[in-house]
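Let's walk through this structure together, starting where the two chains meet and then turning to one chain on its own.

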Amino acid sequence: MQRDFAPRGVDFYYIYKPLAHPEYNNYVTPFTLEERLMHVAESKRRLGSGITWLADPMHNPWHEAMARTPNSELVIDPEGRVAARRTWSDPEALRADLERLVGPVERRTMIEDLDLPTQPPPPTVAKGVVPRVEMPPTMAGIEVEPVIEEGGVPFYVKLRAEGDESLRTTGNGKMYVGFHLDPLYRVHWNNEAGPVKFSLTASSGSTVTPAGGEGPALDEPADADPREFLVDVSMSDMTQPLDLDVFYFACDDALTFCIPVNQSYRVYLQRDNHGRTIRTGADNVPTAGRIPPG
Amino acid sequence: MKRLIPLSIFVLFGAVNSAIAQLPGMGMGMGMGAGPTAMDERFYSTVPGIGELVPDIQVVNDRGDPVNIREVATGQYTVLVLGCLT
């Protein structure tokens, strides 16, 4: 489309937004703008397209303005006014729009005409070593705020938290705590170094049971499976966060470093409206229990 | 049979929505099923309508430098597509 209509003066932009389906191809939600730009670079690498990429800032103003849609599309006229809009990008409808606005092209570009060097997702070490947790019903992502220290190491492992409907509406219910390797950092769990350990602290009058945990001891020397836990939470004040501290060894796949890491989060019980839903590939299956995006 | 290049192919790696988004007749914002989905309704009630100005919002380029959407989308026809890795 770009090849056909750019010569007629049409500009094309992709705008990068929060992940629609965390875990798909092992990608996890970035915590910083720098990490979101790593996702942009990864998208460039995988797609090989020459279209210009922009990125929504971390407070997602463009995503909000587009009603939090995952793949919406606008055509803007030279005066900056909307000429066409649709919830889902649709190549045929877009082509019809552009033909109407700037005229048809003599020959449509076909996929065979392009040399798009598309690439697979990053490889990982062994997966399927640690069984996934069985999710209770009505689980959905809740707000996670990483405590980012200036000069600190990246969040090689990223927390995803979910709560069931009861937890999100009353403060009493089940919470999922999942630690996921970020594939863009090319790291793995080094099971000979020691398991991930975490603790949860609630405000006065609230309880979390259990208030922590640690990953399993494994014979497999390395793997890339998430470390997942379910806890019962009873919060007396839903505006207060749970404090989560985690310790793990971050070990890169190139075997150039293996370092102990302590990091912290604040977990809020409110629904993460940009967190979207898990849609897994063949190698990570648990979709049951998750509800559609709101 | 030759296939056309979907502008949004990157956003939908392997997702069911990829097929749905490219079905004939889906271009007016209809999702699954015969009528508008909740997402369609949210989109069409939130996003500026035909003839209205594109939102005046600042995003960033791939180096992290600020970019104003209204500025880059003025002066020529411009296509803006939301997407992500998953």
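## Charges across the interface

Chain A and chain B share one salt bridge. Its partners are the side chains of Lys44(A) and Asp62(B), with N and O 2.3 Å apart. Please keep in mind that this is a predicted model.

## Who supplies the chain A side

Several elements of chain A each give at least two residues to the side that touches chain B: the strands β1 (11-16), β2 (52-55), β3 (73-76) and β4 (82-86), along with the helices α2 (33-47), α3 (61-65) and α4 (91-102). The largest share comes from α2(A), with nine residues. Sorted by class, this side of chain A holds 44 nonpolar, 21 charged and 14 polar residues.

## How much is buried

Between them, chain A and chain B bury about 6700 Å², and carbon and sulfur atoms carry 65% of that area. Trp62(A), Arg85(A) and Trp88(A) account for 11% of what chain A buries against chain B, more than any other three residues. In residues, the contact draws 79 from chain A and 62 from chain B.

## Chain A by itself

Which secondary structure does chain A have? There are five helices and 15 strands. Of the 294 residues in chain A, 53% are buried. Among the contacts in chain A with a separation of 6 or more, 67% join residues 24 or more positions apart. The accessible surface of chain A is about 12200 Å², with 51% belonging to carbon and sulfur atoms.

Definitions and conventions: Residues are numbered from 1 along each chain as its sequence is written. Chains are lettered from A and ligands numbered from 1 in the order in which they are written. This is a predicted model: local features need pLDDT of at least 70, side-chain atom pairs count only at pLDDT 80 or more; totals for chains, interfaces and linings use all residues. Side-chain values use heavy atoms; hydrogens and water are left out. Helices (H or I, at least four residues) and strands (E, at least two) are DSSP runs, numbered from the N terminus. Buried means under 20% relative accessible area, exposed over 50%, partly exposed in between (1.4 Å probe, protein chains only). Contact means heavy atoms within 4.5 Å. Accessible areas come from the Shrake-Rupley method with a 1.4 Å probe; for residues, only the protein chains shown count as cover. Buried area is the accessible area (1.4 Å probe) that two parts lose on being put together, summed over both. A salt bridge is a side-chain nitrogen of Lys or Arg within 4 Å of a carboxyl oxygen of Asp or Glu. Ala, Val, Leu, Ile, Met, Phe, Trp, Tyr, Cys and Pro count as nonpolar, Asp, Glu, Lys and Arg as charged, and the others, Gly among them, as polar.
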